[in-house]
Amino acid sequence: MRLTPRPVAGFFFIACSLAGVLALFTGCKKASTRKEGEILIGFSSRDLSAEYTAKLSEAVVDYAKTKPGVRLVMVDAQSDAQKQLSQIENFISQKADVIILNPCELEASTPAVDRAKAADIPIVLVNQVTKSAGDAYIGSNDVDAGHIAMEAIAKQLGGKGGVLMIHGIMGTSAQLQREAGAREVFAKYPGLKLVDHQTAAWDRAKAMSLTENWIQAHRGKFQAIFAHNDEMAMGALLALERAGIKKEVYVIGIDAIAQALTAVNEGRLDATVFQDAVGQGQGAVDAALRLARKQPGAKENYIPFRLVTRDNVGEFLPKK
Amino acid sequence: MLRALELRKDFGELTVLHPISVDFCPGEVHALMGENGAGKSTLMKVLAGLYQPDYGHIQWRGEIVSFDSPHDALTAGIAMIHQELMPIPDLTVAENITLGIEPTGPLGIINRQTQRERAIELLRELEADLEPDRLMRTLTVAQTQVVEIAKALGRHADVILMDEPTAALSDHEIAALFRTINRLKSRGVAVVYTTHKMDEVFRLADRISILRDGRLITTAPAHELSPQKLISLMVGRELADIFPPRSVPGREPVLEVSGLTREPAYRDINLTLHRGEILALAGLMGAGRTEVASALYGLQPAISGLISVHGKNVVIDSPTTAIALGIGMVTEDRKGLGLIPALSVRENISLAALNRFARGPLVRHTEEANAARHQLQAFAIKASSPEQPIHQLSGGNQQKALLARCLLNEPEIIILDEPTRGIDIGAKAEIYAVIQKLAAQGKAILLISSELPEVLALAHRIVVLRQGNVAATLDASRSDQESLLNLAMPL
Amino acid sequence: MPTLDRNLLHRFGILIVILLIGLGLSLTTDTFLSLSNLTNVARQVSINGILAIGVTFVLLTAGVDLSLGAVVALSGVTCATFAHPGEHNVMIPIFIGLATGAACGITNGVLVTKGGVAPFIVTLGMMTVARGLALIASGGRPVADMSPSLTNLAGDVLGIPIPLLCFAGVALIAWIFLSNFRLGRYIYAVGGNENAARAAGISVTKVKLFAYTTCGLLTGLAGVVLAARTTTGQPNAGIAYELDAIAAVVIGGTSLAGGIGTVTGTILGVVLIGEINNGLDLLSVSSYYQAVIKGVIIVGAVWLDRRQSRS
């Protein structure tokens, strides 16, 4: 007996290939109709499946639309530095006027910057630096974010108590800098103790399991958890709530993603650190246009972080 | 030169080799004789480093040695040619022959020219007419075997162990093999081999060791033994006529085939199989016998032609359909199409008839186990329990288990493809008895066999295939080996 | 039952490793052996456990499924999309999540059997397609605001975590199925020798299609459980989950060549991996070393086990 006739599989295959060819075709068409005097910006986003990056990328795209005579092409590197490098190479061969790069990694994305420079195409780095400096950097200093978050904890605990820290993917610049910022605060308050620290790879489910294990190992020895991003802070929060000991522990994350803001507003999450995705995205487009038009401007532009607590969360909540 | 000293081998609880001591001399052909499960293959595998003995030693050129792997044994100069062949299907003949000893240039690059020449030279020594660039998977069993022998020769082995080397070979190929063996002998190579064919042993062997139930019964020069003596030593009892009397077939046609064609294997095959009849398909290797059987069982359907079962035209597109029509088949390719090696004897036997022991989707274990145990007894399958993995059984017992699997479905039409290949004389007699019993019960049997005495003694009628055509349909009682061979020979 | 005994004996090696590590952990930490920590481990292994049981079916047929992690994410997203409070009955999002997984599984199965494409390639394709669909369906952002009636499914009943109950239920059904159902036996037969199974009248297509669909369905279940546990459907969840699941199955003695393997073995493999993850956190082992130690223990356990079963 045949459960599914062969034509179904065949149809599926043909439909998929058609869709692929169509996508390719429309892509080509766009690239070939480049108008005189138009500025072409190539933008490689680190990973559109990460909420913060998605927000930033959206801001870049939306803001570029408001600028006349500008066309922006966005591609998604899906956290793969190799892929990002070939995307930059494609922009170079398309003769983009300027490139905005939201690098995947500190080291592995460096060749992409070098490649653009060698081709004499100005490159703007956004949100993350690489080993080679770009022609402009728009971002926020992650050391500050770590510092702000740990200061909030220190203030809450009165400079004394046990802290757990959940790292992002080890070796990424955000992880390294946020840790460095936090360590500055530990050095300042001798009463503040780092009870344990471990990576949960920016992942909510992993942070949840990690926190569950910590509750077993260190219960009563910690009064605060600092997670390197909000996803992981949400995971820690869920684990604490499930264990019924959220009241005993102060939890803070970074990024101010929508869910975290809601949680702060509901009084579940204690605080998060706002990184201005829209500000960074718009700043990157401005810097790119300046470079394309060969206008002078600051090489580095830091968009400041802000602590978000229940008191000021109203400003950050998305308008309904 | 090579000596087994008190070798013993256990499989779990079962001792398959009781301490055995025997020695093998250069320039001598030493036959190991015994029924299936007597321990011949096990002894060879211990000598070739495939199994490690549980007790005892191997003495090689006067020194006690232990082989941890077949590779160790091969390096020392002991090669084994297995009953179940192990070629690498997607390499060429030449690549298989020189596998592991590829002639290489300075950078370790294989020298294809030399490789081909080595292969051609070795194949010529075996008088085999084989293109060295053919892929192994396109070869027949017989051709594959020739390649395996060439492979061992290419390693300059001092001892060659051959497990049933002639089981799948045609007469012409056997004669060539014998000439090769004699040549090896004169070069001082020790040849150890097993076979179930009586005539071969006395043509070839210098000395014969007889094993029974894992024990060495005796070792004697071949000229001191007669076939009758040898058989009674192997079986442990005197054998009556191994071919039981034929029953009278019915007249009612059960299976009718007309114009069955699948080029280039066979064309325009017509045959009729009656109730209670044993119809033999005879012919040389490559005459299309297995292919016709595969078509009737739905393994590889024919391109054109009519098949009717009980007078109704049917289309057999898969074994599932065939089974539903009451057709069963025991394959010649035990390893490829028969056994599920990791499953137990019970699970292998019940596989095709599992719905008989099921309530809806659930298997009724008790009934299944009872049926399996019953089949073990009925077919005298030697296994430590129904739960023993089937790959641990000897070839003959595996064959009987596959027959048991097929019959569990109570098919009306039974296709037996080489049912006695590689089986000892005792087991053969058992299978002959089963075949006659089935015919007497009114089952229709299509028998494929390369052993002409078997065909002549068992079948009612014989269809001789030659190069894919029906050469003749004969009455078995009025035929002899010579006329059959003449019909089967390519024109 | 004789089969059970044989399997338990065969699994001896892994069991010893699990007990040794457990003994070590209870000596070096005072928390490992506590009831609350063991409940904890049980809760954490559930998702990997459900996936491992599912992929056991596929591995037994000598196939492979690399799309587990991506399908977990996709099912989680579709489930969460229909789980906003007050919109639907709680059964609707659960059904949608399961159906999503099953649909992916059927697609894999059809392409493998009817299309004749190697399972590695088919499921590799499904891995990226499902990940892409998850991003499309969610707009790249976690689907939040899930109804408590669904997220409560990650909680406890009588002190037993519900995800664990799901895992246990799935394992029990799978065990009964593989040892008592005709189709279960056919899965072993097809994996052991596909041609021989076909010659014995078994529909190989049907058997494989069933295996991939079951695996997909269970992956959908894992996606629903994960969404309930993290209270969101995350399009980037489940990355590399297939590797942990396949590792657990292989640790449990299932052959990657098909035809050999048991549910009990898979459970032990899942427990071992969960025990290692938990233990390393309890011991505060640094993140860098955790990865190394985990890999060494996994390979070591399989090596020990194979040695044991050979002797």
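# Group meeting: three chains and how they touch

Hello everyone, let me start with a distance: the centres of domain 1 of chain B and domain 2 of chain B, taken over C-alpha atoms, are separated by 30 Å. The model is predicted, so local features need pLDDT of at least 70 and side-chain atom pairs count only at pLDDT 80 or more, while totals for chains, interfaces and linings use all residues. Residues are numbered from 1 along each chain as its sequence is written, and chains are lettered from A and ligands numbered from 1 in the order in which they are written.

Let's stay with chain B for a moment. Domain 1 covers 2–235 and domain 2 covers 253–488; these bounds come from an automatic or database domain assignment. Chain B holds 17 helices and 22 strands. Here, helices (H or I, at least four residues) and strands (E, at least two) are DSSP runs, numbered from the N terminus. Along its principal axes, the C-alpha atoms of chain B fill a box of roughly 70 × 50 × 50 Å.

How does the radius of gyration of chain B sit against that of a compact globule? A compact globule of 491 residues would come out near 23 Å, and chain B has 23 Å, so the two agree. That radius is taken over C-alpha atoms, and the globule rule is 2.2 Å times the number of residues to the power 0.38.

Of the 491 residues of chain B, 49% count as buried. A residue is buried if 20 or more other C-beta atoms lie within 10 Å of its own, exposed if 12 or fewer, and partly exposed in between, with C-beta atoms placed from the backbone. I'll also talk a lot about contacts: two residues are in contact if their C-beta atoms, placed from the backbone, lie within 7 Å. In chain B, 67% of the contacts with a separation of 6 or more come from residues 24 or more positions apart.

Now to chain A, with its 10 helices and 12 strands. Buried residues account for 49% of its 320 residues. Among its contacts between residues at least 6 apart in sequence, 74% join residues at least 24 apart.

Is I138(A) buried or exposed? I138(A) is buried, because 27 other C-beta atoms lie within 10 Å. Beyond its neighbours within four places in sequence, I138(A) contacts V124(A), V126(A), Q280(A), G283(A), A284(A), A287(A), N301(A) and I303(A).

On to the chain pairs. Which chains share the most contacts? Of the 2 pairs of chains in contact, that is chains A and C. Chains A and B do not touch, and their nearest C-alpha atoms are 9 Å apart.

The contact of chains A and C takes 34 residues from chain C and 29 residues from chain A. On the chain C side, the elements giving two or more residues are α3 (35–60), α5 (91–113), α11 (204–230), α13 (263–282) and α14 (287–310). The largest share, 5 residues, comes from α11(C). By class, this side of chain C has 11 nonpolar, 18 polar and 5 charged residues. For those classes, Ala, Val, Leu, Ile, Met, Phe, Trp, Tyr, Cys and Pro count as nonpolar, Asp, Glu, Lys and Arg as charged, and the others, Gly among them, as polar.

Axes are lines fitted to C-alpha atoms, for helices over the stretch in contact, and angles run from 0 to 180 degrees between N-to-C directions. Angles under 35 degrees count as roughly parallel, over 145 as roughly antiparallel, 65 to 115 as roughly perpendicular and the rest as oblique.

Chain C also touches chain B, with 20 residues of chain C meeting 23 residues of chain B. Among the elements of chain C, α9 (182–192) and α10 (194–199) give two or more residues to this side, and α9(C) gives the most, with 6 residues. The classes here are 10 nonpolar, 7 polar and 3 charged.

Last stop, inside chain C: the axes of α4 (residues 68–81) and α12 (residues 241–251) come within 6 Å and cross at roughly 125 degrees, so α4(C) is oblique to α12(C). L68(C), G69(C) and V72(C) of α4(C) meet Y241(C), E242(C) and A245(C) of α12(C). This contact has 4 nonpolar, 1 polar and 1 charged residue.
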